[in-house]
Amino acid sequence: MGKFKIVDFPNDAALVKQGSNLYSTTQTPNTVATANVRQGALEASNVQPVIEISHMIEVMRAYEATASLSKSQEDMMRQAINQLGQMPS
């Protein structure tokens, strides 16, 4: 059977990404004294899809309201310019 060697590095920022979940470094690894490895355990997602979709809907509505406000402001400016241009001198 294979064995895992679980280590830690003094500076995680010095790890260089080599590919899919592969990193390299010139640092000396430190063996971790207390580590838990569970066979068959699945890591749960930290995202709750229903809440995230409702947040996306809120953001979309805010964006639409902002776009509508911007268009209204642009239309008002266009009307003001047209009316000022039509005034007799």
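A residue is called buried when its relative accessible area is under 20%, exposed when that area is over 50%, and partly exposed in between, with a 1.4 Å probe and only protein chains considered. By this scale Arg78 is partly exposed, at 42% relative accessibility.

The structure is a predicted model, in which local features need pLDDT of at least 70 and side-chain atom pairs count only at pLDDT 80 or more, whereas totals for chains, interfaces and linings use all residues. Residues are numbered from 1 along each chain as its sequence is written, and side-chain values use heavy atoms, with hydrogens and water left out. The predictor's confidence in each residue is expressed as pLDDT, from 0 to 100. For the protein chain the mean pLDDT is 90, and 99% of the residues reach 70 or more. Helices (H or I, at least four residues) and strands (E, at least two) are DSSP runs numbered from the N terminus.

Side chains of opposite charge can pair when their charged atoms come close. A salt bridge is defined as a side-chain nitrogen of Lys or Arg within 4 Å of a carboxyl oxygen of Asp or Glu, and three of them are found in the whole structure. Glu74 is paired with Arg78, with 3.1 Å between the closest N and O atoms. These two residues are four apart in helix H1, so about one helical turn separates them. Glu74 is partly exposed, with a relative accessible area of 46%. Lys71 and Asp75 form a salt bridge through their side chains at 3.5 Å, N to O; being four residues apart in helix H1, Lys71 and Asp75 are also about one helical turn from each other. Asp75 is partly exposed as well, at 26% relative accessible area. A salt bridge of 3.1 Å, N to O, links the side chains of Asp75 and Arg78. Through shared partners, the salt bridges join Lys71, Glu74, Asp75 and Arg78 into one network.

Gln27 lies in the loop between strand S3 (22-24) and S4. It counts as buried because its relative accessibility is 18%. The side chain of Gln27 reaches the backbone oxygen of Asn11 at 2.8 Å. A polar contact (a pair of N or O atoms within 3.5 Å; within protein, one must be able to donate a hydrogen and the other to accept it, and residues adjacent in sequence count only if both atoms are side-chain atoms) of 3.1 Å joins the side chains of Gln27 and Thr25. With neighbours within four places in sequence left aside, Gln27 is in contact (heavy atoms within 4.5 Å) with Phe9, Pro10, Asn11, Ala14 and Leu15.

Asn30, in strand S4, is partly exposed at 40% relative accessible area. Not counting residues up to four places away in sequence, Asn30 touches Val7, Asp8 and Pro10.

Ile6 is located in the segment before strand S1 (7-8) and is partly exposed, with a relative accessible area of 34%. Together with Phe4, Val32 and Val37, Ile6 makes a nonpolar surface patch of about 390 Å². Patches are made of residues with over 30% relative accessible area and no salt bridge, like charges being joined within 9 Å and nonpolar side chains (Val, Leu, Ile, Met, Phe, Trp, Tyr) within 5 Å. Accessible areas come from the Shrake-Rupley method with a 1.4 Å probe, and for residues only the protein chains shown count as cover.
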